[in-house]
Amino acid sequence: MVCASGAAISALMNKPHWVTVVTRAWGRGIIAVSGIKVQIEGLENLSGLKSYVLVSNHQSFFDTFAIAGFLPGDPRFVAKKELLKIPIVGFAMQRGGHILIDRESGGKAIRKAIKIIRSGLDVCVYGEGHRYNDNSVHEFEDGAAWLAILSKLPAVPMSISGSGRFYPRGAVFVTPGLTMRMVIGKPISTEGMRSADRTELTRRLEDAVRATFTTEV
């Protein structure tokens with residue numbers, strides 16, 4: 001609640017980088033207190049990118065904590081509007097530049113995301129659209145690819161492995177002492193792509209995530 005309040009105050013003051021700093025401390029703090037280890041590979045693939053669309057699979061709430069806590073830049077998330085119901089947290093996310101959508105929002109959510117990207121922030125999208133803790137990667141939806149193409153920014157694939165083991169969907173307690181692994185792939189340029197190319201880009205992103213996903217963490 002302390003970190004959420006700090007993020008909300010920073011958002012009200014129109015200080016997006018302060019929001020990032022508070023959120024980073026929040027994410028790292030939760031992971032540390034929970035006794036979880038985070039391994040990250042491929043950070044060099046983000047070097048030189050001013051803004052990008054990060055696309056990953058999704059297994060646990062800890063995916064968001066790890067991305068917010070350990071990835072460089074100013075990441076913001078595409079998330080379900082139900083998070084608005086969480087006191088302080090929902091307000092901090094809404095005012096802090098995150099994209100909270102419902103399934104019917106469609107183009108409105110895309111336009112908001114593009115506006116956020118153009119302000120210099122990065123947008124993180126969970127390609128499957130839901131959390132899955134069955135230790136596998138599921139079919140990606142095309143929203144992330146569409147966003148990358150419309151914003152003319154590179155799409156960066158990232159696999160997340162292991163987080164479903166220590167905090168699966170519906171869990172109440174975290175199993176400490178385990179490890180999650182994040183592997184950032186090479187950016188995929190969207191230069192020259194049109195909206196009609198989003199199916200092919202989605203396939204390339206999904207294939208890249210599957211290639212580095214592992215069940216051995």
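These are my notebook entries on a predicted protein model.

**Entry 1. Overall make-up**

I began with the secondary structure, which comes to 8 helices and 7 strands. The protein has 217 residues, and 46% of them count as buried. I then looked up the accessible surface, which is about 10800 Å², with 56% of it belonging to carbon and sulfur atoms. Among contacts with a separation of 6 or more, 75% are between residues 24 or more positions apart.

**Entry 2. A loop residue**

I turned to Ile 36, which is found in the loop between helix 2 and strand 1 (37-41). Is Ile 36 buried or exposed? I noted a relative accessible area of 7% for Ile 36, so this residue is buried, the cut-off being under 20%. Leaving aside neighbours within four places in sequence, I listed the contacts of Ile 36, which include Phe 62, Phe 166, Val 174 and Pro 176. I also checked Met 180, which is 144 residues from Ile 36 along the chain; the C-alpha atoms of the two are separated by 7.6 Å.

**Entry 3. Salt bridges**

I searched the whole structure and recorded 5 salt bridges. In one of them, Glu 41 pairs with Arg 181, and the closest N and O atoms are 3.1 Å apart. Because Glu 41 lies in strand 1 and Arg 181 in strand 7 (residues 179-184), this pair ties together parts that are 140 residues apart in sequence. I found Glu 41 partly exposed, at 37% relative accessible area, whereas Arg 181 counts as buried at 17%.

I next examined helix 8 (residues 198-212), where Glu 200 and Arg 203 are 3 residues apart and hence separated by about one helical turn. The side chains of Glu 200 and Arg 203 meet in a salt bridge of 2.5 Å, N to O. Glu 200 is partly exposed at 40% relative accessibility, and Arg 203 is partly exposed at 42%.

**Entry 4. The cavity**

How many cavities of 30 Å³ or more does the structure hold? I found 1, and the volume of the largest cavity is about 50 Å³. I read its lining as 3 nonpolar, 3 polar and 2 charged residues, among them Thr 20, Arg 24, Phe 77 and His 98. Helix 2 (16-34) and strand 3 (75-80) each supply at least two residues of this lining.

Methods: Residues numbered from 1 in each chain as written. Predicted model: local features only at pLDDT ≥ 70, side-chain atom pairs only at ≥ 80, totals over all residues. Heavy atoms only, no water. 1 Å grid on protein atoms, 1.4 Å probe; cavity = no way out; pocket = protein on both sides within 12 Å on 5 of 7 lines; lining within 4 Å. Points joined across faces, edges and corners; volume = space filled by probe spheres on them. Helix = DSSP H or I, 4+ residues; strand = E, 2+ residues; numbered from the N terminus. Nonpolar A, V, L, I, M, F, W, Y, C, P; charged D, E, K, R; others polar. Buried < 20%, exposed > 50% of the residue type's maximum accessible area, 1.4 Å probe, protein only. Contact = heavy atoms within 4.5 Å. Areas by Shrake-Rupley, 256 points an atom, 1.4 Å probe, with all protein chains shown as cover. Salt bridge = Lys/Arg side-chain N within 4 Å of Asp/Glu carboxyl O.
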